[in-house]
Amino acid sequence: YGELTGDLREGLAHVLNSLIYLDEITNNYLQLARIEEGALVINKTEVHVAPDVIRPVLAGLDIQLQRRNMTCRTEVSDDLAAPADVNLLRVVYENLVGNAIKYGRDGGRIVLSGERADGSVLLRVWNDGKAIGQERLPSLFRKFERYDTDETTGRQGTGLGLFIVKQIVSVHGGEIWVESSEEKGTCFHLRLPA
């Protein structure tokens, strides 16, 4: 298509931002409809978290990572596996990593880690962005609860992403929680039955 010049590049960047936002909203409302209809069906198989979930999700989010000049390191061995629905687990990671990109700092870091412990698979999504206020942590997983600010994203989200994540983790028999501080960054922890 030829070389992109300043105005054209800026215009296309706005189009890309809008498409990403529309895709996020559409997917969130589709998942919400399935949850509310009781149609969130899980098809559990042996899922190897890094190759089956993390790598495909990161491939889909690569442009967003590059645009924020962020790095994402994976500290999950290829043999770490859990009985899970691979597509739903991808939804979880798309939301959590997408939020880490959205709310992290320009040039920041994201670390995805995991291990087996006490008969469970423990997974973490950490970023070094601005901390979430302690008063907001208990309500983050409620439907329509948002923690984004105009200074962070320039727009507000639907407040469905973390609600959907919690529902997916719950139907797997797992749990999710978050810890956040200015000193340690923000970390979402998932525990899934092994």
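Modeller: One definition before we start: two strands count as paired if DSSP finds at least two bridges between them. Please keep in mind that this is a predicted model.

Biologist: Fine, then what is the bridge partner of Val178 in S7?

Modeller: Val178 is bridged to Phe188 of S7, and S6 and strand S7 (residues 185–193) run antiparallel, joined by seven bridges.

Biologist: And what order do the strands of the open sheet have?

Modeller: The five strands are ordered S2-S4-S5-S7-S6 with mixed pairing, and the twist from one strand to the next averages 15 degrees.

Biologist: Which strands stand at the edges?

Modeller: Those are strand S2 (71–75) and strand S6 (175–181), each of which has a single partner strand, so one side of each has no neighbour in the sheet.

Biologist: Switching to helices, which strands does H5 touch?

Modeller: H5 packs on the sheet against S6 and S7, and its direction makes about 140 degrees with that of S6.

Biologist: What about H2, which strands does it lie across?

Modeller: H2 lies across S2, strand S4 (109–117) and strand S5 (120–127), running at about 175 degrees to S2.

Biologist: At what angle do H2 and H3 pack?

Modeller: Helix H2 (residues 49–67) and helix H3 (residues 86–103) pack at about 40 degrees with their axes 9 Å apart, and the crossing is right-handed. Their contact includes Leu58 and Leu61 of H2 and Tyr93 and Val97 of H3, and by class it has 13 nonpolar, two polar and three charged residues.

Notes:
Residues are numbered from 1 along each chain as its sequence is written. This is a predicted model: local features need pLDDT of at least 70, side-chain atom pairs count only at pLDDT 80 or more; totals for chains, interfaces and linings use all residues. Side-chain values use heavy atoms; hydrogens and water are left out. Axes are lines fitted to C-alpha atoms, for helices over the stretch in contact, and angles run from 0 to 180 degrees between N-to-C directions. Helices (H or I, at least four residues) and strands (E, at least two) are DSSP runs, numbered from the N terminus. A crossing is left-handed if the near helix is turned anticlockwise from the far one by less than a right angle, and right-handed if clockwise. Contact means heavy atoms within 4.5 Å. Ala, Val, Leu, Ile, Met, Phe, Trp, Tyr, Cys and Pro count as nonpolar, Asp, Glu, Lys and Arg as charged, and the others, Gly among them, as polar.
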